[in-house]
Amino acid sequence: MLNTIMKTKLFGWVDRRTGAEAIIKSQLTEYPAPKNLNYMWNFGSLALLVLVIQILTGIFLAMYYKPSAAFSYGSYTVAFDSVERIMRDVNFGWLIRYMHAVGASAFFVVVYMHIGRGLYYGSYKEPRELLWIIGVVILLIMQGAAFFGYLLPWGQMSFWGATVITNLFGALPVIGEFLQEVLRGGFAVGDPTLNRFFSLHYLFPLLLVAIVGGHIHALHVVHSNNPEGIDLTKEEEKIMFHPYYTVKDAFGVAVFLLFYCYFVFFNPQAWGYFIEVDNYVPANNLSTPAHIAPVWYLTPWYTILRSFESKLLGVVMMGASLAILFALPFLDRSKVRSARYRPVFKQMVYLFFVTVIVLGYCGHSAPTPTLKLIGQIATTYYFAFFLLLLVVPKFEKTKPVPEGI
Amino acid sequence: MTEKTNDSRRNFLYLAAGGLGGVAAAAAVVPFIGSMLPAADTLAASKTEYDVSTVAEGQLVVIQWQGKPVFVTNRTEELLKQLDGHDEMLKDKDSTAIDAVSAKWLTDENRKYRSIKPEYLIVVASCTHLGCIPGYKPSAGRKEWGDSVPENWPGGWHCPCHGSLYDLSARVINGSPAPYNLYLMPYKYKSDTTVVIG
């Protein structure tokens, strides 16, 4: 079909002025992709899809959302009421808001799978170090966008979540208090905070689009890794992106939409995981909810924060747990990429995945002494995983990698 | 695997898959465009009550009904007399061009006045050209208004945006860019002086 379009006169006119045909062919239709990619390689295109869904639904929500903490007559606050109005009065408002709220969680599910795949198959290794680093930047911006967005409904979780996180910055020496005031625009989270978070919540996705562009460009320069983790040199080891991977990605999209639509239409709160129950209570700066925890996708890092007795150390280690991802390509010097041929690394990386899930569970639960200890053990392994990568290649007996595929 | 591709089968599959995808995409557009239409609380029937006795003789008051400006004019005997004698200047003297310039309560008796009680004219204050609010220039002739109105001005409204002219029953005068008389709306008198608009 695309070939038919590219033969038309109109396309020819555009092509002579932009070189569109060459770009489409080299970057999409005839882009050479490894022929052995498994379903773990579907999550990149899914992440792009969710980004588009988030931006689209966000634009429409912004037409009705009002970022103001001012009290409204006979009701709660302007922001809280505007969200309730979207749910009750705006045509399909409930659908668009749930698409956006579920989309936020779906985005992290998809991206965490994508990152896990990169870890397991060694996609961060040479020559893809920068591709990985750009990906970590994307993760950080996503977490920022999600955090800013969670304040907007101005419910109890919004308010106290933002209070806790902005207080984190206060723990930093010298600049802490300054940073905190810059973030809040006041001495506590309040109306100015809500306004700037809305502005930044709109800005960050625009940054994402630009950086995702860079991510894809970097990918197309160094080309996709593959489950065997070997460099593909022969022509017959590759197939054209279209139709082989456009169809496979489309299939992945269909499966993804099945799950996504289940949550959007039948379980948008996802038992309190996607939208926390306390956030249906309007923000009250004089009363903290009995149990406060971030949304699930931030809980692993929240546990790392809680695992340290010293406030400053907790904040620094939480920052370090994310920053260490930048260093990963340089910590792990093994010449073999895929975990398939690295028996020790394979066990380590599986344990790492379990550890992150344990960290997430601990962060979501109310703090108890047992969970604190489990969280501390998990935190230890989280960092140990990265540091062990420095020494593992020295003794790990890797299996022979295949010559080709 | 055969060397030859079955083109007609392939084209059918392309069309079927593309067609279904197109239908799904079109269906997905519905809630998004739908969300941009007025919300339920905006649509919720809104009525405006107004006490017309607060409008002094000859005075014009602009009130709001469903977010739109509405003129409430108290026309004196003298102003009502100015409604006669310029029928040939009017685009639509009987207010029959479109539904919006008429109302259920408009009968042959009050057609000239375009109001239930002759003295109280109640019309939507948006010029039917591009929606500006016309200025009130009730006295006849040019004495007070200068060049902004024609020499045989019967008194009425002059729109500051593009110069549309209306007589004292808000009927549009020939030569105006506005196509229709100012719109009427359903209203009734709840008591002698309280009118319920909408």
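This is a predicted model: local features need pLDDT of at least 70, side-chain atom pairs count only at pLDDT 80 or more; totals for chains, interfaces and linings use all residues.

Which residues in H8(A) are buried?

Modeller: In helix H8 of chain A, the buried residues are Gln156(A), Met157(A), Ser158(A), Phe159(A), Trp160(A), Gly161(A), Ala162(A) and Thr166(A). The helix itself runs over residues 156–170, which makes 15 residues. From its first C-alpha to its last it reaches 21 Å, close to the 21 Å expected at 1.5 Å a residue. What covers the buried residues of H8(A) includes H7, H9 (176–184) and H10 of chain A.

H7(A) and H10(A), the latter made of residues 191–222, have axes 8 Å apart and an angle of about 160° between them. Angles over 145 degrees count as roughly antiparallel, and H7(A) and H10(A) are therefore roughly antiparallel to each other. Their crossing is left-handed. Sorted by class, the contact of H7(A) with H10(A) holds 22 nonpolar and 6 polar residues, and no charged ones.

H7(A) has another partner in H6(A). Helix H6 covers residues 93–120 of chain A and H7 covers residues 129–151; they pack at an angle of about 160°, with their axes 11 Å apart. That angle makes H6(A) roughly antiparallel to H7(A). This crossing, too, is left-handed. On the H6(A) side the contact is made by Ala104(A), Phe107(A), Val111(A) and Gly118(A), while H7(A) brings Trp132(A), Leu139(A), Met142(A), Ala146(A) and Gly149(A). These residues divide into 7 nonpolar, 2 polar and no charged.

In the loop between helix H5 (78–88) and H6 of chain A you will find Phe92(A). Phe92(A) is not a glycine, yet its phi is positive, at about 60°. It counts as partly exposed because it has 18 C-beta neighbours inside 10 Å, and a residue needs 20 or more to be buried.

Now let us move to another pair of helices in chain A. The axes of H4 (residues 43–62) and H11 (residues 241–266) come within 9 Å and cross at roughly 60°, so H4(A) and H11(A) are oblique to each other. Here the crossing is right-handed. Ser45(A), Leu46(A) and Leu49(A) of H4(A) meet Asp249(A), Gly252(A), Val253(A) and Phe256(A) of H11(A). By class, that contact has 4 nonpolar, 2 polar and 1 charged residues. H11 of chain A also contains Pro243(A), and the peptide bond from His242(A) to Pro243(A) is cis, with omega near 10°.

Ala33(A), which is in strand S1 (residues 32–34) of chain A, touches residues including Phe241(A) and Tyr245(A). Ser224(A), Lys238(A) and Ile239(A) are also among the residues it touches. Ala33(A) has 19 C-beta neighbours inside 10 Å, so it counts as partly exposed.

Finally, where does chain B come in? Across the two chains, 11 residues of chain A are in contact with 11 residues of chain B. H6(A) gives the most to the chain A side, with 3 residues. That side has 7 nonpolar, 2 polar and 2 charged residues.

Within chain B, helix H1 (residues 7–36) should span 44 Å at 1.5 Å a residue, and its end C-alpha atoms are 43 Å apart, which agrees. The number of buried residues among the 30 in H1(B) is 1, so this helix lies largely in the open. Compare that with two residues in the loop between H3 (77–81) and S4 (120–124) of chain B, one of which is Ser95(B). Ser95(B) counts as buried because it has 23 C-beta neighbours inside 10 Å. Arg114(B) is found in that loop too, and with 24 other C-beta atoms within 10 Å it is buried. The C-alpha atoms of Ser95(B) and Arg114(B) are separated by 8.4 Å, although the residues are 19 apart along the chain, and Arg114(B) is one of the residues in contact with Ser95(B). Arg114(B) also has a positive phi, near 55°, in a residue other than glycine.

Technical notes: Residues are numbered from 1 along each chain as its sequence is written. Chains are lettered from A and ligands numbered from 1 in the order in which they are written. Axes are lines fitted to C-alpha atoms, for helices over the stretch in contact, and angles run from 0 to 180 degrees between N-to-C directions. Helices (H or I, at least four residues) and strands (E, at least two) are DSSP runs, numbered from the N terminus. Angles under 35 degrees count as roughly parallel, over 145 as roughly antiparallel, 65 to 115 as roughly perpendicular and the rest as oblique. A crossing is left-handed if the near helix is turned anticlockwise from the far one by less than a right angle, and right-handed if clockwise. Two residues are in contact if their C-beta atoms, placed from the backbone, lie within 7 Å. Ala, Val, Leu, Ile, Met, Phe, Trp, Tyr, Cys and Pro count as nonpolar, Asp, Glu, Lys and Arg as charged, and the others, Gly among them, as polar. The expected span of a helix is 1.5 Å times one less than its number of residues. A residue is buried if 20 or more other C-beta atoms lie within 10 Å of its own, exposed if 12 or fewer, and partly exposed in between; C-beta atoms are placed from the backbone. Lists of a residue's contacts leave out its neighbours within four places in sequence.
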